[in-house]
Amino acid sequence: MLTYLWCFFAFSFLGWCAEVVFAALRERRCVNRGFLNGPFCPIYGVGALLIVKLLSPFSHNLVILFFASLLLTSLLEYLTGFAMEKLFHAKWWDYSHRRFNIQGRVCLGNALIFGVMGVVVMRLVHPFVMRLIQMIPSFLAPFLAAGLAVYFVGDTVVTIRTILDLNKKVAELQK
């Protein structure tokens, strides 16, 4: 279980890094693209863990791994977008201007990228992350993971409270 937690943190952080770099290149300035205040994008942590856990039997077949990753991560992105819209009454991303999208929550272009990234995660990133995790001294690993978990939960709580408070203020202003 501890290994899954470390993988979640690593993939969430790496996903955040990728989002920030991509946004910085596009917008020519540094932007925190994560949902949380801190350097984590949980959807990437969940997506990578799902790929590693569910698609390992297909790791030898790149075509199946690609398409299974594409479908799995697109489903995750769709469901996450749907849930966030219902919970926070806002769209966190909108692909409705792109071709081949489904309700603006997923689009073919991103799905193809996620398929490729699923292969990259399974073949390159996950083995690298596992080597890093194995370098953490075993007596320290639970304490460091607990500290990260407390930070992550705290960041999540603060972020959600801030969003809900802001939504409440916007609703009051609209009245």
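**Ground rules.** I number residues from 1 along each chain as its sequence is written, and side-chain values use heavy atoms, with hydrogens and water left out. As this is a predicted model, local features need pLDDT of at least 70 and side-chain atom pairs count only at pLDDT 80 or more, while totals for chains, interfaces and linings use all residues.

**Entry 1: H1 and H5.** I started with helix H1 (residues 2-27) and helix H5 (residues 141-174), whose axes come within 10 Å and cross at roughly 50 degrees. My helices are DSSP runs (H or I, at least four residues), numbered from the N terminus. Axes are lines fitted to C-alpha atoms over the stretch in contact, and angles run from 0 to 180 degrees between N-to-C directions. H1 and H5 are therefore oblique to each other; under 35 degrees would count as roughly parallel, over 145 as roughly antiparallel and 65 to 115 as roughly perpendicular, with the rest oblique. I noted a left-handed crossing of H1 past H5, that is, the near helix is turned anticlockwise from the far one by less than a right angle, with clockwise being right-handed. On the H1 side I found Leu2, Leu5, Trp6, Phe8 and Phe9, which meet H5 residues including Leu144, Leu148 and Phe152 (contact means heavy atoms within 4.5 Å). By class, this contact of H1 with H5 has 12 nonpolar, no polar and no charged residues. Here Ala, Val, Leu, Ile, Met, Phe, Trp, Tyr, Cys and Pro count as nonpolar, Asp, Glu, Lys and Arg as charged, and the others, Gly among them, as polar.

**Entry 2: H1 and H4.** Next I looked up H1 against H4, which pack at about 120 degrees with axes 10 Å apart. H1 and H4 are therefore oblique to each other, and their crossing is right-handed. Thr3, Trp6, Cys7, Ala10, Phe11 and Leu14 of H1 make this contact, with H4 residues that include Val121, His126 and Ile133. I sorted the contact of H1 with H4 into 10 nonpolar, two polar and no charged residues.

**Entry 3: H2 and H4.** The axes of H2 and H4 come within 10 Å and cross at roughly 70 degrees, so I logged H2 and H4 as roughly perpendicular to each other. Tyr44, Ala48, Ile51, Val52 and Leu55 in H2 meet Phe114, Gly118, Val121, Met122 and His126 in H4.

**Entry 4: pockets.** A pocket, on a 1 Å grid over the protein atoms alone with a 1.4 Å probe, is an open set with protein on both sides within 12 Å along at least five of seven lines, and lining residues have an atom within 4 Å of a point. Of its 42 lining residues, Glu19, Cys41, Ile43, Tyr44 and Phe114 lie nearest the centre. I counted that lining as 26 nonpolar, 10 polar and six charged.

The second largest pocket has about 210 Å³. Trp6, Phe13, Phe128 and Leu148 are among its lining residues, and H1 gives the largest share, five residues. That lining has 11 nonpolar, no polar and no charged residues.

Methods
Helix = DSSP H or I, 4+ residues; strand = E, 2+ residues; numbered from the N terminus. Points joined across faces, edges and corners; volume = space filled by probe spheres on them.
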